[in-house]
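This report describes one protein chain for a reader who has not seen it before. Please look over the sequence and the model shown here before reading on.

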Amino acid sequence: MDRRREVPRTDAVLADPRLQAAAERLGRDPVKAAVRVAQQQVRTGELAPAEVADAAVAALPATAGGLRPVLNATGVVLHTNLGRAALSSAAVDAMVAASGHTDVELDLDTGKRARRGRTALAALAAAVPRAEAVHVVNNGAAALVLAATALAAGREIIVSRGEMVEIGDGFRLPDLLESTGARLREVGTTNRTSPADYAAVVGPATGFILKVHPSNFVVRGFTSAAEIPQLTGLGVPVVADIGSGLLAPDPLLPGEPDAASTLRAGADLVIASGDKLLGGPQAGLLLGTSALVERLRRHPLARALRVDKLTLAALQATVAGPVPPTWQALRYDLDELRDRTTRLCRRLGLAGAEVIPSVAVVGGGGAPELQLPSWSLSLPSTYAEPLRHADPPVVGRVDQGRLLLDLRCVPPSADEPLLRAILAAGR
């Protein structure tokens, strides 16, 4: 018999109540595409005609957004490929509330236009009282580009050769800065730069001195670097890119600079990221003197780099709300983590599964030398690929032929789905 005669009609399949509901949630086109794939499977003999609707429903994405939620079991808290910081429930709720019409640029008392994102900016300013003013753009690189364009286009930026970093995905600091029309004046050497090196080249053409925290690498041995207090008397602004986004000192991360301490040391402008150690949405934070921040805020480029209402909402909830998941993951109680992982291992009852000591890291270009003692569920490496295709996908790390699943970034509420995914992957 011609299998084409057995394929159910598209309109008949789409009449299934589950697919009708999915069309309202996801749109008609993705649902029709899933039906067509299932119909083709009937033609090739992979599927029975009566199973088309079931197969189409199973193939549909959870949301219309395309991005799939993933369980991060890598032991890398700020995994760039997995979107870095996981937002707190407060930040998620704030984004949902801001998804419709909001007062993002409206003063409800007067009915007149107000400063965009004023409550988020006020929360950020309150978190760093040393900052006279604050501004937010769409990421850390954008913040640096805005500073370079507004303060040094056609002029010089003085930077140490030891701080000419590559920020990821092949993008390099020199290329980023020179794209703004600024000229780089490199001083010192890769391993040693002194205050005198900066002082020797400061002049009428200097836009600012840039200090960059080399957050994704460490140089040891015969090294020295000029500190911010040694540069503040040279008559030009000092801009500090601290990278990972701590707003205040953190005893767990003594080697990471923070905005409050950097401003206290004399920096005129501090640049930081929002989606790293701060634990918030992707954003570039600018904190500093009123004169400099206002100059950046009023520059035409600032309009192109501004953040949307969802980012503003999530940032405010992160700064002023409860402790975010990033903070919790970095401080996960080691005994609790071991006990939780052991319970999971026992419930699996799989040959070759065991709980072993492991090491977690910060990730996201922060605290490159910090190692966090941890515990992982160890499985044969053959589990890695099927777990990446599970629902939800589970991403661990393969080390010495074993798949390690570190639960510090996996919420306890996901233990049951994780258990089912591992059991299904072992079949």
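## Helix α7

In α7, the buried residues are Gly140, Ala142, Ala143, Leu144, Val145, Leu146, Ala147, Ala148, Thr149, Ala150, Leu151 and Ala152; buried means under 20% relative accessible area, exposed over 50%, and partly exposed in between, with a 1.4 Å probe and protein chains only. That makes twelve of the 13 residues of α7, a helix that is mostly covered. Helices (H or I, at least four residues) and strands (E, at least two) are DSSP runs, numbered from the N terminus. Helix α7 covers residues 140–152 and reaches 18 Å from its first C-alpha to its last, close to the 18 Å expected at 1.5 Å a residue; the expected span is 1.5 Å times one less than the number of residues.

At the start of α7, a side-chain oxygen of Asn139 comes to within 3.2 Å of the backbone nitrogen of Ala141. After α7 comes Gly154, whose phi is positive, near 75 degrees.

## Basis of the model

This is a predicted model, in which local features need pLDDT of at least 70 and side-chain atom pairs count only at pLDDT 80 or more, while totals for chains, interfaces and linings use all residues. Residues are numbered from 1 along each chain as its sequence is written, and side-chain values use heavy atoms, with hydrogens and water left out.

## The seven-stranded sheet

Seven strands form an open sheet with mixed pairing, in the order β5-β13-β12-β11-β10-β6-β9. Two strands pair if DSSP finds at least two bridges between them. The edge strands, each pairing on one side only, are β5 (133–137) and β9 (183–187). Direction ignored, neighbouring strands of this sheet are turned by 25 degrees against each other on average; the axes behind such angles are lines fitted to C-alpha atoms, for helices over the stretch in contact, and angles run from 0 to 180 degrees between N-to-C directions.

## Nonpolar cores

A nonpolar core is a set of buried Ala, Val, Leu, Ile, Met, Phe, Trp, Tyr and Cys residues joined through side-chain atoms within 4.5 Å. The largest has 33 residues, of which Leu124, Val128, Val136, Tyr198, Val270, Leu285 and Leu287 touch the most other members. Elements giving two or more residues to this core are α6 (118–127), β5, β11 (238–243), α10 (259–264), β12 (269–273), β13 (284–288) and α13. Apart from this core lies another, of 32 residues, including Ala152, Val159, Val293 and Leu305.

Contact means heavy atoms within 4.5 Å. Leaving aside neighbours within four places in sequence, Val270 is in contact with Ala240, Ile242, Ala259, Thr262, Leu263, Leu285, Leu286 and Leu287. Val319 lies in helix α13 (residues 309–320).

## The five-stranded sheet

A further open sheet has five strands in the order β2-β14-β15-β18-β17, again with mixed pairing. Its edge strands are β2 and β17 (397–399), and the twist averages 40 degrees from one strand to the next. Five bridges join β15 (residues 366–380) to β18 (residues 402–406) in an antiparallel pair. Helix α15 (residues 334–348) packs on the sheet and touches β14 (354–363), β15 and β18, and its direction makes about 25 degrees with that of β15.

## Loops and backbone

Most residues other than glycine have a negative phi, and most peptide bonds are trans. Arg84 is not a glycine, yet its phi is positive at about 55 degrees; Arg84 lies in the loop between β2 and α5 and is partly exposed, with a relative accessible area of 23%. Gln400, in the loop between β17 and β18, has a positive phi near 50 degrees and is exposed at 77% relative accessible area. The peptide bond from Asp391 to Pro392 is cis, with omega near 5 degrees, and Pro392 sits in the loop between α16 (384–388) and β16 (394–395).

How values were computed: A polar contact is a pair of N or O atoms within 3.5 Å; within protein, one must be able to donate a hydrogen and the other to accept it, and residues adjacent in sequence count only if both atoms are side-chain atoms.
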